[in-house]
Amino acid sequence: MMTREVALRPEELSDLRWESVFGDDHPVEVEIGCGKGGFLLRRAQAHPEINLLGIEWAGEFYRYAVDRMRRRGVGNVRVLRADASHFIRAVCPRDSLSALHVYHPDPWPKKRHHKRRLFQQPFVDAAAACLVRGGRLAVQTDHAEYYGQIFALLRSHAALREVDFRDERFGWGPEGLATNFEVKYAREGRPIYQVAVERCA
């Protein structure tokens, strides 16, 4: 079996086809802001029957995640350094994702920076279009005000309906999702806000 490079090269984004990226037609999930790749790695190891793409903008975390996947030898993961909003809006094939995971997106808390937030109407519209019918978008954050914005955008979207966030089929376990931020914030006693929706139209 051919060993595939973990890092997804920019030239592979032109006319992106998941079958070419992964070498098979297995369901595809994307994690935006994969950080050091803890959730991505556990998900890939537990479910070799699915393919996963992790997107990370921070160079240090991106390199760590790529190296981590290489060292563990997981064959169903690729990692991309890119602007996630642009990827979803302009690159990701429509009707192609079985799940989109977004855990602890940067809240850009200052009001003048809110325009930089990932969750804006164009992103949500594109994310919904990228999901297959029944595909799931799950979001987790510790930022109450940003959560309110995210929740309103997702709940009001005509193509999406709310579903149970704590679904074992999508990575929920006895310790939650156990992302780095989730573990850190739980220790600090911060509240965690969660919402999941699926494409229904």
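In what order do the seven strands of the open sheet run? The order is β3-β2-β1-β4-β5-β7-β6, and the pairing is mixed. Strands here are DSSP runs of E with at least two residues, helices are runs of H or I with at least four, and both are numbered from the N terminus; two strands count as paired if DSSP finds at least two bridges between them. This is a predicted model, with local features needing pLDDT of at least 70 and side-chain atom pairs counting only at pLDDT 80 or more, while totals for chains, interfaces and linings use all residues. Residues are numbered from 1 along each chain as its sequence is written, and side-chain values use heavy atoms, leaving out hydrogens and water.

At the edges sit β3 (77-80) and β6 (160-163), each pairing on one side only. From one strand to the next, the twist averages 20 degrees. Strands β5 (residues 131-141) and β7 (residues 193-199) run antiparallel and are joined by six bridges, with valine 139 opposite valine 195 in β7. Helix α6 (residues 144-155) lies across β5, β6 and β7, at about 15 degrees to β7; axes are lines fitted to C-alpha atoms, for helices over the stretch in contact, and angles run from 0 to 180 degrees between N-to-C directions.

Over in helix α4 (residues 84-91) there is arginine 89. Its relative accessible area is 39%, so arginine 89 is partly exposed (buried is under 20%, exposed over 50%, partly exposed in between, with a 1.4 Å probe and protein chains only). Neighbours within four places in sequence aside, arginine 89 is in contact with Arg94, Pro122, Phe123 and Ala126, contact meaning heavy atoms within 4.5 Å. Valine 124 is 35 residues away along the chain from arginine 89, and their C-alpha atoms are separated by 8.9 Å.
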